[in-house]
Amino acid sequence: MKQVLIAIAIMILVSTLPAHPAGSVTARFDATTKLLSISFDHSVKDPTDHFIKSIIVKVGGSIMITQNLNIQENAAGGSFSYKLLNLKKGDVIEVITECNKSGKKFTKLTPG
């Protein structure tokens, strides 16, 4: 019985090894155009099978945008742009990406 449990544990571990969050998430906000530009690195073999499944944009802790995905732009990662209106000076923008296999990666910025 112990050997069976060890084998199951190894199979679970091996099946999750290729899963990983985005390597990096970059966000820039242009105050003139009110455009938030997001890019992420998430190297995968098949962007239809292993991809960033959601992007969440929070402003001041409140969710402003949620985008759910079922494919990644390419095998290296992707990029998105969103209009953010009515930002106030000092508002903190948080961008959260989540992999469909495992893991989250986020970044924060405070436009000047």
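Phe 40, Phe 80 and Tyr 82 form one aromatic cluster in this predicted model, in which local features need pLDDT of at least 70, side-chain atom pairs count only at pLDDT 80 or more, and totals for chains, interfaces and linings use all residues. Residues are numbered from 1 along each chain as its sequence is written, and side-chain values use heavy atoms, with hydrogens and water left out. A pair of aromatic rings is described by the distance of the centres and the angle of the planes. A search of the whole structure finds two aromatic pairs, where rings of Phe, Tyr and Trp (for Trp, its six-membered ring) pair if their centres lie within 6.5 Å, and where planes under 30 degrees apart count as stacked, over 60 as edge-to-face and the rest as tilted. With ring centres 6.4 Å apart and planes at 10°, Phe 40 and Phe 80 are a stacked pair. This pair links distant parts of the chain, since Phe 40 belongs to strand β2 (residues 35–41) and Phe 80 to strand β5 (residues 77–83), 40 residues apart; helices (H or I, at least four residues) and strands (E, at least two) are DSSP runs, numbered from the N terminus. The rings of Phe 80 and Tyr 82 likewise have centres 6.4 Å apart and planes at 10°, so this pair is stacked.

Phe 40 is buried, with a relative accessible area of 3%, the term buried meaning under 20% relative accessible area, exposed over 50%, and partly exposed in between (1.4 Å probe, protein chains only). Phe 80 and Tyr 82 are buried as well. Contacts of Phe 80, not counting residues up to four places away in sequence, are made with Leu 36, Ser 37, Ile 38, Phe 40, Ile 55, Gln 67 and Leu 69, a contact being defined by heavy atoms within 4.5 Å. The C-alpha atom of Phe 80 is separated by 9.6 Å from that of Ala 27, a residue 53 positions apart from Phe 80 along the chain.

Two strands are said to pair if DSSP finds at least two bridges between them; β1 and β2 do so in the antiparallel sense over seven bridges, and Val 25 stands opposite Phe 40 in β2. Elsewhere, β3 and strand β4 (residues 62–68) pair in the antiparallel sense over six bridges, and the bridge partner of Lys 58 in β4 is Ile 63. These two strands, β3 and β4, form a hairpin with two residues between them, and Gly 60 in the turn has a positive phi of about 60°.

Most residues other than glycine have a negative phi. Lys 34, in the loop between β1 (24–30) and β2, has a positive phi near 65° and is partly exposed, with a relative accessible area of 33%. Asn 86, in the loop between β5 and β6 (93–99), also has a positive phi near 65°, and this residue is exposed, with a relative accessible area of 71%.

In soluble globular proteins, nonpolar side chains tend to be buried together.

Over the whole protein, the secondary structure comes to one helix and seven strands, which follow the pattern α-β-β-β-β-β-β-β along the sequence. Of its 112 residues, 33% count as buried. Residues 24 or more positions apart account for 56% of the contacts with a separation of 6 or more. The protein exposes about 7,200 Å², of which carbon and sulfur atoms supply 57%; accessible areas come from the Shrake-Rupley method with a 1.4 Å probe, and for residues only the protein chains shown count as cover.
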